[in-house]
Amino acid sequence: MGDLGRPAARGFLGPGSNCPVIPPDDGETPTPSTDRRSRVGEPVVRADPELTGERATEAIDFDPDDPESVARAAEVLAAFADSNGSGDYLDMLRGAAACAALVRGVGSYREAAERADGVSVSFIRTWARVHDLPQSVRRHVARGNIAPSAAKHLARVGGTARLDLAWATLDHDLTVREVRSLASEINDGASAQDALREHGIELGKVALSLSVEQYRELRREASMRNEQPGDVVAEALAERYD
């Protein structure tokens with residue numbers, strides 16, 4: 001790539017990977033996906049050995065269209081509620097999946113509560129919403145980067161606000177109490193950006209680790225454009241997801 005002319009920013013990016021729910025999709029679209037896209041109850045995250053190791057084989061596929069699977073979801077949900085939502089992050093993701101699948105299978109929160117030995121509607125609704133979070137967020141729950149108790153509050157907000165709040169939780173080590181407070185402010189009408197700004201958090205900053213060769217070329221290109229490195233990366237991302 002010569003120094004004359006405007007080089008393509010795309011060269012700095014490596015290859016990319018790719019309770020009602022929207023139509024099934026095993027992954028996530030390049031545009032910000034703010035809801036679950038895979039089938040309700042499908043253990044896309046829980047069954048990924050790169051995330052859950054040997055426990056991937058323990059993942060239960062709750063099929064809301066299979067009566068036997070719905071009955072199993074009711075049993076798992078009841079046990080999950082009986083433990084008051086305790087357990088590790090994978091136990092909680094499984095419990096959330098059982099909540100969502102049971103609701104979908106029986107058609108209402110009230111019926112789901114009755115099928116699960118009288119578990120409260122609010123408990124089922126709360127965890128079903130967690131299961132409805134986009135895969136990109138649920139993967140961080142499975143990794144242990146986002147506490148399930150924080151995920152409950154992320155799931156309270158909708159649209160891109162849930163992604164903004166999730167990434168702020170990761171980048172700024174927000175506590176569960178802070179996430180809960182921010183979710184309440186957003187639900188009261190504040191935008192995610194405004195709510196975060198009021199707490200001294202600015203979205204959009206992230207540290208990147210590059211190879212020496214990539215770093216050298218990024219700096220060179222930014223200089224030739226009379227731009228900041230972040231502007232070059234931002235354009236590369238815009239092209240990647242156009």
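Helix 11 and helix 12 are roughly perpendicular to each other, because angles from 65 to 115 degrees count as roughly perpendicular. Their axes come within 8 Å and cross at roughly 100°. In this predicted model, helix 11 covers residues 212-225 and helix 12 covers residues 229-240. Where they meet, helix 11 brings Leu218, Arg219, Glu221, Ala222 and Arg225, while helix 12 brings Pro229, Val232, Val233 and Glu235.

**The overall picture**

Let us step back to the whole protein. Of the 242 residues in the protein, 40% are buried.

At the start, a side-chain oxygen of Asp88 reaches to within 3.1 Å of the backbone nitrogen of Leu90. Just after the helix comes Gly107, which takes a positive phi of about 100°.

Which residues of helix 3 are buried? They are Leu90, Met92, Leu93, Gly95, Ala96, Ala97, Ala98, Cys99, Ala100, Ala101, Leu102 and Val103. The cover over these buried residues includes helix 1 (49-52), helix 2 (67-82), helix 4 (109-115), helix 5 (121-131), helix 6 (135-143) and helix 7 (148-154).

Two of these neighbours can be followed in detail. The axes of helix 3 and helix 5 come within 7 Å and cross at roughly 105°, and this pair is therefore roughly perpendicular. On the helix 3 side of the meeting are Met92, Ala96, Ala97, Cys99, Ala100 and Val103, and on the helix 5 side are Ile124, Trp127, Ala128, Val130 and His131.

With helix 6, the axis of helix 3 comes within 8 Å and crosses at roughly 140°. Helix 3 and helix 6 are therefore oblique to each other. Here Tyr89, Leu90 and Leu93 in helix 3 meet Arg138, Val141 and Ala142 in helix 6.

| Helix pair | Axes come within | Crossing angle |
|---|---|---|
| Helix 3 and helix 5 | 7 Å | roughly 105° |
| Helix 3 and helix 6 | 8 Å | roughly 140° |
| Helix 11 and helix 12 | 8 Å | roughly 100° |

Now look at Asp48, in the segment before helix 1. Is Asp48 buried or exposed? Its relative accessible area is 14%, and buried means under 20%, so Asp48 is buried. The side chain of Asp48 makes a polar contact with the side chain of Arg139 at 3.0 Å. Leaving aside residues up to four places away in sequence, Asp48 touches Gly53, Ala56 and Arg139.

**Helix 9 and its buried side**

Helix 9 covers residues 176-187 and has 12 residues. From its first C-alpha to its last it reaches 16 Å, close to the 16 Å expected at 1.5 Å a residue. Its buried residues are Val179, Leu182, Ala183 and Ile186. Why do they lie on the same side of helix 9? They cover an arc of only 105° around the axis, which puts them on that same side. The buried residues of helix 9 pack against helix 7, helix 8 (160-172) and helix 10 (192-198). After helix 9 comes Gly189, with a positive phi near 120°.

**Two aspartates with positive phi**

Most residues other than glycine have a negative phi. Which places are worth a look with that in mind? Asp117 has a positive phi near 60° and sits in the loop between helix 4 and helix 5. With a relative accessible area of 69%, Asp117 is exposed. Asp173 has a positive phi of about 50°, although it is not a glycine. Asp173 is in the loop between helix 8 and helix 9, and with a relative accessible area of 66% it is exposed.

Note on methods
Residues numbered from 1 in each chain as written. Predicted model: local features only at pLDDT ≥ 70, side-chain atom pairs only at ≥ 80, totals over all residues. Heavy atoms only, no water. Buried < 20%, exposed > 50% of the residue type's maximum accessible area, 1.4 Å probe, protein only. Helix = DSSP H or I, 4+ residues; strand = E, 2+ residues; numbered from the N terminus. Contact = heavy atoms within 4.5 Å. Polar contact = N/O pair within 3.5 Å; in protein donor to acceptor, adjacent residues only side chain to side chain. Expected span 1.5 Å × (residues − 1). Arc of directions from axis to C-beta. Axes fitted to C-alpha atoms, helices over the stretch in contact; angles between N-to-C directions. Parallel < 35°, antiparallel > 145°, perpendicular 65-115°, else oblique.
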